[in-house]
Amino acid sequence: MRFALGLLLFACASAQDPYYLPKGPQLPSPARSITGPDWRVQREEWRSVQAADYEKWFTELDRWRREQRARIGYSGAEYERPELQWTQRSFVQPQMMAEDRYFYDPTTRKYTVDRYLDDLERRYGGIDSVLIWPVYPNIGIDNRNQLDMHRDMPGGIPAMREMVQQFHRRGVKVLFPAMPWDNGTRVEGSPAAEATARLMAEIGADGINGDTMSGVPKAYRTASDKAGHPLVLEPEGAPPRDDALMWNNMSWGYWTYPFVPLVSKLKWLESRHMVHVCNRWARDRNDDLQFAFFNGVGFESWENVWGIWNGITPRDAEALRRIAAIERATAALLVSPNWRPYVPTLQFGVFASRFPGTGVELYTLVNRNEFSVSGEQLSIPHRGGRRYFDLWSGVELKPRLAGAEAALAFSLEGRGFAAVLTLDAGALWPKLDALLVRMAGWAKRPLATYSREWKPLPQKVVEIPRTPPGRSAAAGMIDIPGGEFDFQVTGTAIEGFNWNGLDIQYSWEDSPRRAHRQRVTIRPFRMDKYPVTNAEFRRFHEATKYRPADAHNFLKDWKDGSIPAGWEQKPVTWVSLEDARAYAAWAGKRLPHEWEWQYAAQGKDARVYPWGNEWDAARAPEPYLGRELPGPADVDAHPRGASAFGVEDMVGNVWQWTDEYIDEHTRAAVLRGGSYYRPQGSEWYFPQALRLDQHGKYLLMAPGKDRAATLGFRCVKDRD
């Protein structure tokens with residue numbers, strides 16, 4: 001009873017000052033009033049903290065840490081497992097879209113891991129792990145579940161296993177995503193944790209990222225251990241309960257950035273826990289980098305965000321190169337259980353953390369001021385024979401000794417970084433000399449001389465050659481007269497807001513963007529009255545003996561090369577953009593430009609649907625909300641859904657290929673018309689675009705992965 005009463009009193013005492021309690025994934029700083037509009041208030045508050053409040057802050061947070069560990073029965077056993085300890089050195093991790101053109105070449109049908117890694121080495125010093133993302137935002141175009149999307153990667157499991165080994169040969173660990181929200185697609189048939197663990201073991205992956213998870217459930221730890229292939233678990237956010245820290249060795253950090261750096265709650269509770277600070281839409285990454293360096297944790301170097309390029313600027317890339325070099329060289333110190341943030345500094349706006357080891361200490365410093373700060377920065381205890389090294393500049397420091405203190409003078413750039421390593425007499429640090437030489441070489445050029453300008457990547461449409469003009473009517477085609485057309489369309493991408501670089505860049509625009517409007521001149525053309533059917537595609541297939549080089553998923557719903565009974569008049573699906581182009585060339589036709597498709601569907605009166613401005617369920621196929629696909633409707637099943645020009649089956653049956661756009665890192669196709677398949681249970685599935693003023697953007701990787709059960713096409717032919 002006395003012990004229980006003591007714990008209660010301890011808990012009450014800890015809660016008496018709520019200012020020091022965690023706020024989300026971060027701990028408050030010792031500064032209490034750094035929100036005043038007057039810079040003098042801010043200055044005096046932080047100075048008073050250093051003089052009077054720091055020890056109180058540390059005592060309170062240390063007490064909270066001990067109490068919290070006792071409350072959850074904390075065990076650090078997962079951090080001691082040799083097969084999981086690589087996380088403690090994984091400082092730089094990008095999320096990489098599987099569709100990134102630096103990663104896979106559809107022409108040679110090869111993964112280009114070295115090209116991808118070489119680019120990152122050149123731009124910001126390379127990575128330690130990579131999160132490969134083959135699922136969202138394309139998932140939900142049909143009923144393939146998240147694991148199916150992994151299996152549909154080019155070459156299947158054998159090629160993926162070799163690809164992972166290529167990363168391993170470069171010293172890079174590999175993670176894939178797990179999505180708890182995927183409950184509307186095909187049923188896998190076994191619990192998600194077990195199915196994921198088996199697949200990751202087959203691939204040889206090192207871990208999983210729990211998308212939208214604030215903590216990966218322990219079931220994934222149990223399942224991967226049972227599969228004989230232990231996985232590192234990395235939730236997207238901080239665990240909702242601190243006990244999940246015991247089996248989530250890594251996490252992402254979505255942080256806030258006041259003037260005074262805040263402390264990672266998870267790092268404070270378990271110094272070996274690796275946080276990757278993630279701020280996907282940031283164009284200036286300096287806050288992220290400073291807070292990560294101050295805490296001795298990692299950075300999510302995410303640039304290809306769902307096919308939208310948010311490249312790291314040259315200045316931030318160079319800062320990341322230098323930060324990562326220091327962190328990798330001092331990784332053994334950064335996991336010190338005795339690390340202390342906010343050790344006293346001598347200059348306003350400069351903040352430091354101390355990471356002690358045996359006979360050695362590391363100090364990481366950040367300058368939150370916009371201006372450079374020179375002179376004495378730290379005053380720390382001195383011992384006889386102790387040496388001091390400015391790692392950022394790659395030089396040894398000569399201290400000014402004052403009694404038992406050593407004052408260290410060096411410079412920090414505005415919004416910059418510094419690091420000091422101390423060595424006691426007789427102590428050594430591995431590869432210190434090599435690190436100093438390297439850092440001294442980089443320090444010759446200040447970060448301020450690198451560009452901070454952010455630019456979107458320009459896109460170009462892939463040319464569609466005109467067909468030979470035809471004067472006479474073509475069977476099964478509708479004449480579409482030419483004319484002036486107000487082409488207005490908006491992309492349905494779920495994320496990205498109104499980001500510069502989002503969606504598509506037409507030839508009349510200077511960058512990609514979500515919303516588009518342009519008056520265009522439409523030349524007369526003919527369009528297929530219906531999407532190409534299975535029966536029509538069979539004639540092409542038999543006449544040409546067409547066999548795609550990448551045949552995975554090709555005509556997947558055909559049985560032993562034959563059309564299923566009753567499916568002759570359904571639109572052909574499971575055809576890639578390349579397959580559709582091959583058919584069109586054989587037929588003397590081409591795929592439509594998007595504005596041609598929209599003009600044929602919309603006419604000149606800007607109607608919202610082919611038949612008018614109100615949705616009429618009787619004019620389109622019935623939506624399917626289940627998890628197994630029954631197949632699309634026949635193309636001629638809804639004649640009342642025809643456009644003013646007489647073109648049918650434009651919306652609500654199958655998506656239809658139109659234009660392809662390409663930039664340095666991404667290929668994407670514009671899809672029109674939406675489909676009958678509507679997976680339920682999540683807002684994250686591929687969004688519909690049934691309205692004629694909307695389009696979908698579908699990321700392209702390889703034909704076998706691009707083909708889908710709800711994606712077909714129709715053709716056009718140029719007239720005079």
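Contact, as the word is used in these legends, means that heavy atoms lie within 4.5 Å. This is a predicted model, in which local features need pLDDT of at least 70 and side-chain atom pairs count only at pLDDT 80 or more, while totals for chains, interfaces and linings use all residues. Residues are numbered from 1 along each chain as its sequence is written, and side-chain values use heavy atoms, with hydrogens and water left out.

**View 1. Surroundings of F167.** Leaving aside residues up to four places away in sequence, F167 touches F103, V113, Y116, L117, V130, I132, V172 and V174.

**View 2. The largest nonpolar core.** A nonpolar core is a set of buried Ala, Val, Leu, Ile, Met, Phe, Trp, Tyr and Cys residues joined through side-chain atoms within 4.5 Å, where buried means under 20% relative accessible area, exposed over 50% and partly exposed in between (1.4 Å probe, protein chains only). The largest such core has 133 residues, of which F103, I132, M163, F167, F176 and L391 touch the most other members. Helix α11 (residues 314–329) gives the most to this core, with 7 residues; helices (H or I, at least four residues) and strands (E, at least two) are DSSP runs, numbered from the N terminus. Apart from this core lies another, of 29 residues, among them F554, L555, L577 and A580.

View 3. C278 counts as buried because its relative accessibility is 2%, and C715 counts as buried because its relative accessibility is 0%. A search of the whole structure for disulfides, meaning pairs of cysteine sulfur atoms within 2.5 Å, finds 0.
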